[in-house]
Amino acid sequence: MVQTSTIVATTVGTLATGFVAYAVYFDYRRRNDPQFRKQLKKESKRQARAAKEEAEAHTVRQREAIRSAVEEAKEEGFPTDVEEREAYFMQEVARGEGLSGEGTDNVEAALCFYKALKVYPQPSDLITIYDKTVPKPVLDILAEMIAFDSSLNVGPFASGPGSDRGLD
């Protein structure tokens with residue numbers, strides 16, 4: 001009677017031999033068949049192109065999500081009373097820090113920091129603080145949010161309505 005271990009060993013050996021034989025055959029075709037090499041190159045280029053298109057589509061979707069988040073925040077409005085603005089600022093910064101610490105939703109974390117920036121009296125000073133404390137992926141999204149909001153003046157030479165208060 002044949003033992004189970006012998007059957008298992010024979011099966012594993014056969015599978016390993018088959019795998020090695022296929023690897024040798026594949027390598028032989030890759031080295032000696034120009035048509036096969038061409039096919040491999042086409043497949044590689046197709047996969048690279050598909051990955052690039054997917055990355056571009058992801059970037060477009062993220063920009064749309066950022067734009068809609070900024071528009072929603074503008075529609076919600078921001079507090080105007082000094083005490084309300086201070087409480088709102090502290091609340092949004094705390095939420096942003098919590099979300100960025102988790103790392104799960106960077107757009108939502110950046111939105112919290114953006115809302116805090118909108119009510120802060122000196123937005124350019126707060127951006128300097130954000131540069132030192134906020135993780136880079138969240139900071140990059142925040143920079144895009146700031147770019148979408150033309151009413152937020154954060155430049156060092158910003159002047160005009162809202163530049164000294166961070167509000168419109």
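This report walks through the core, a surface patch and some aromatic pairs of a predicted model.

What is Y130 in contact with, leaving aside its neighbours within four places in sequence? The list is V93, F113, A116, L117, L139 and L142.

**A buried glutamate**

Now look at E92, which is placed in helix α3. Is E92 buried or exposed? With a relative accessible area of 2%, E92 falls under the 20% cut-off and therefore counts as buried. Beyond its neighbours within four places in sequence, E92 is in contact with C112, K115 and A116.

**A nonpolar patch on the surface**

Turning to the outside, Y22, Y25, F26 and L40 form a nonpolar patch, with about 390 Å² of accessible area together. Helix α1 (residues 4–32) provides the largest share of this patch, 3 residues. Y25 lies in helix α1 and is partly exposed, with a relative accessible area of 44%.

**Aromatic pairs**

The count of aromatic pairs comes to 5. In one of them, the ring centres of F78 and Y88 are 6.3 Å apart and the planes stand at 80°, so the pair is edge-to-face. Where do the two residues sit? F78 is in the loop between α2 and α3, while Y88 is in helix α3, and the pair links distant parts of the chain, 10 residues apart. F78 is buried, at 19% relative accessible area, and Y88 is buried too, at 14%.

**Accessibility side by side**

Here are the values for the residues discussed above.

| Residue | Relative accessible area | Class |
|---|---|---|
| Y25 | 44% | partly exposed |
| E92 | 2% | buried |
| F78 | 19% | buried |
| Y88 | 14% | buried |

Note on methods
Residues numbered from 1 in each chain as written. Predicted model: local features only at pLDDT ≥ 70, side-chain atom pairs only at ≥ 80, totals over all residues. Heavy atoms only, no water. Contact = heavy atoms within 4.5 Å. Patch = residues over 30% accessible without salt bridge, like charges linked within 9 Å, V, L, I, M, F, W, Y side chains within 5 Å. Areas by Shrake-Rupley, 256 points an atom, 1.4 Å probe, with all protein chains shown as cover. Salt bridge = Lys/Arg side-chain N within 4 Å of Asp/Glu carboxyl O. Helix = DSSP H or I, 4+ residues; strand = E, 2+ residues; numbered from the N terminus. Buried < 20%, exposed > 50% of the residue type's maximum accessible area, 1.4 Å probe, protein only. Phe/Tyr/Trp six-rings, centres within 6.5 Å; stacked < 30°, edge-to-face > 60°.
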